[in-house]
Amino acid sequence: MRRSRRVVAPDLFWDAPSRLVLGDGAVLLGGFACQEGAALLRALAAVAEAAPFRHMVTPGGHCMSVAMTNCGAVGWVTDRTGYRYDRTDPESGLPWPEMPGVFADLAAEAAAQAGFAGFMPDACLINRYEPGARLSLHQDKDERGFDAPIVLVSLGLPATFLFGGVKRSDPPRRVALRHGDVAVWGGPSRLAFHGVAPLAEGEHPMLGRQRINLTFRRAL
Ligand code: MD3
Ligand code: FE
């Protein structure tokens, strides 16, 4: 079955992003970050130079298949002692790189589009997937409060995103995330279980054999 976007004549184009309602308080803004793609990747390169991607270890002792780094006032980290938000990068002992303006602006605009005006993220977790990397079903609950939404930006290779309900046993649904897609998770959907299926092989024109996912949070 054909699952890619509808094919249109080359002189036709969408002049507004597509909106897919994923749940109560959750919306997918298809292609919302496409225009900003190159600027986001330039800013990302500077962040990753100051705080390189690394494979963190879970409290259970497993090395994550997803490589991570952070920018903003605090960053999400995991090690044998647990999960937490930390002001410093444990690898360098330095504060995380500042959140680039192009990151914070895009996250705030997307949140506003979804009905969450005034979103000011203080943390941006950056996940890097190579083919085979996956993220098992989990909830994001290490933040101090759940009133603010989480905004995600997917760049590079496409991925299958899994999202369930607020109970682990709720069967997850699958949705394709492509380069430039943005999603906002707030309200009752904020504590939904979610994950990412193993990344398929591929080559993206801007990012090569990888997918980068930015998640913007209000952690403090
Ligand atoms: C739904 N990242 O970093 S972002 C994560 O593609 C994470 O790297 C995935 O889950 C990734 O924690 C998916 C999508 C996401 C993030 C937070 C959510 C979906 C969410 C919170 C509630 C519900
Ligand atoms: Fe998550």
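This note covers the salt bridges of the structure and where their partners sit.

1. The model is predicted. It holds 9 salt bridges.

2. Arg-54 pairs with Asp-89 in a salt bridge, and their closest N and O atoms are 2.8 Å apart. Arg-54 sits in the loop between helix H1 (37–50) and strand E3 (67–72). Asp-89 sits in the loop between strand E5 (82–86) and helix H2 (101–113). The two lie 35 residues apart in sequence, so the bridge ties together separate parts of the chain. Both Arg-54 and Asp-89 are buried.

3. Arg-84 and Asp-86 form another salt bridge, with 3.2 Å between the closest N and O atoms. Asp-86 has a relative accessible area of 23%, which makes it partly exposed. Arg-84, at 28% relative accessibility, is partly exposed too.

4. Arg-190 forms a salt bridge with Glu-143, the closest N and O atoms being 2.8 Å apart. This pair links distant parts of the chain, 47 residues apart. Arg-190 lies in the loop between strand E11 (181–185) and strand E12 (194–196). Glu-143 lies in the loop between strand E7 (135–138) and strand E8 (150–156). Both Arg-190 and Glu-143 are buried.

5. The Arg-190 and Glu-143 pair belongs to a network. Asp-140 and Arg-217 are also members, and salt bridges with shared partners join the four residues.

Definitions and conventions
Residues are numbered from 1 along each chain as its sequence is written. Chains are lettered from A and ligands numbered from 1 in the order in which they are written. This is a predicted model: local features need pLDDT of at least 70, side-chain atom pairs count only at pLDDT 80 or more; totals for chains, interfaces and linings use all residues. Side-chain values use heavy atoms; hydrogens and water are left out. A salt bridge is a side-chain nitrogen of Lys or Arg within 4 Å of a carboxyl oxygen of Asp or Glu. Helices (H or I, at least four residues) and strands (E, at least two) are DSSP runs, numbered from the N terminus. Buried means under 20% relative accessible area, exposed over 50%, partly exposed in between (1.4 Å probe, protein chains only).
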